Amino acid sequence: RERTFVMVKPDAFQRGLVGEIIGRFEDRGLKLVGAKVTRLSQKQAEDHYGEHEDKPFFDDLVEFITSGPVVPMVWEGEDATRQVRQMIGATDPAEAAPGTIRGDYAVDLGRNVVHAADHEDEGANEREIALFFDDDELVEYDFHESTWLYD
Ligand code: GTP
Ligand code: MG
């Protein structure tokens, strides 16, 4: 099954939404295979958001994402990247549907509580997972729920 990279951003961490966000993915039936609490260096942040380096909001984005602790995670499941993108909702929380994470917990484009790898960007998961995790930090195990989640 597919692995996808997700990260609780500093705003959500400070607002005590870590458990809430992890719970959304657990409840959906995704399998957690890696997670940590960390704070990004300037360099990690610039690498992570490298695709946006020419955008006018790049400096603000890097400043924000390095401003406090984050929770990078790897979740596994059938079609996980697309499922997770649907669950987090539109980039701008003002446009995000109620029921999505951003639609339920955020109001501002620059404080949108959670990051997920781009479904349209083929190499995004592999690249982003490698930025935050060594291979031995991702755990392989039997997920007993899967019998009841998948046909
Ligand atoms: P991430 O999961 O954080 O990558 O968000 P995304 O994939 O939904 O959006 P995208 O990668 O296009 O943009 C990355 C982040 O930059 C967003 O989460 C926003 O916080 C911020 N951002 C995107 N577009 C704008 C913009 O037009 N203005 C400002 N100020 N911030 C923006
Ligand atoms: Mg993005």
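# Reading a predicted chain and its ligand shell

Mentor: Strand β3, residues 71-77, is mostly covered, since 5 of its 7 residues are buried. A residue is buried if 20 or more other C-beta atoms, placed from the backbone, lie within 10 Å of its own, exposed if 12 or fewer, and partly exposed in between, while helices (H or I, at least four residues) and strands (E, at least two) are DSSP runs numbered from the N terminus. This is a predicted model, in which local features need pLDDT of at least 70 and side-chain atom pairs count only at pLDDT 80 or more, whereas totals for chains, interfaces and linings use all residues. Residues are numbered from 1 along each chain as its sequence is written, and chains are lettered from A and ligands numbered from 1 in the order in which they are written.

Trainee: Which strands does β3 join by bridges, and how many bridges are there?

Mentor: Two strands pair if DSSP finds at least two bridges between them. Here β1 (residues 2-8) is joined to β3 by 7 bridges and runs antiparallel to it, with glutamate 2 opposite glycine 77. Strand β2 (residues 31-35) is also antiparallel to β3, through 4 bridges, and alanine 35 has methionine 73 as its bridge partner there.

Trainee: How many helices and strands are there in the chain?

Mentor: The chain has 8 helices and 4 strands, and they follow one another as β-α-α-β-α-α-β-α-α-β-α-α. Its radius of gyration is 15 Å, close to the 15 Å that the globule rule gives for 151 residues, so the chain is as compact as a globular protein of that length; the radius is taken over C-alpha atoms, and the rule is 2.2 Å times the number of residues to the power 0.38.

Trainee: Which elements each supply at least two residues of the shell around ligand 1?

Mentor: A residue is near a molecule if its C-beta atom, placed from the backbone, lies within 6 Å of it. Helix α4 (58-65) and strand β4 (114-116) each supply at least two residues of this shell, and the residues surrounding ligand 1 include His52, Phe57, Asp60, Thr91 and His115.

Trainee: Is histidine 115 buried, exposed or partly exposed, and what is it in contact with?

Mentor: Histidine 115, placed in strand β4, is partly exposed, with 19 other C-beta atoms within 10 Å. Two residues are in contact if their C-beta atoms, placed from the backbone, lie within 7 Å; leaving aside neighbours within four places in sequence, histidine 115 is in contact with Val6, Met7 and Lys9. An unreviewed UniProt entry places the feature "active site" at His115, with positions given in the numbering used here, feature names shortened, and annotations that may be inferred rather than shown by experiment.
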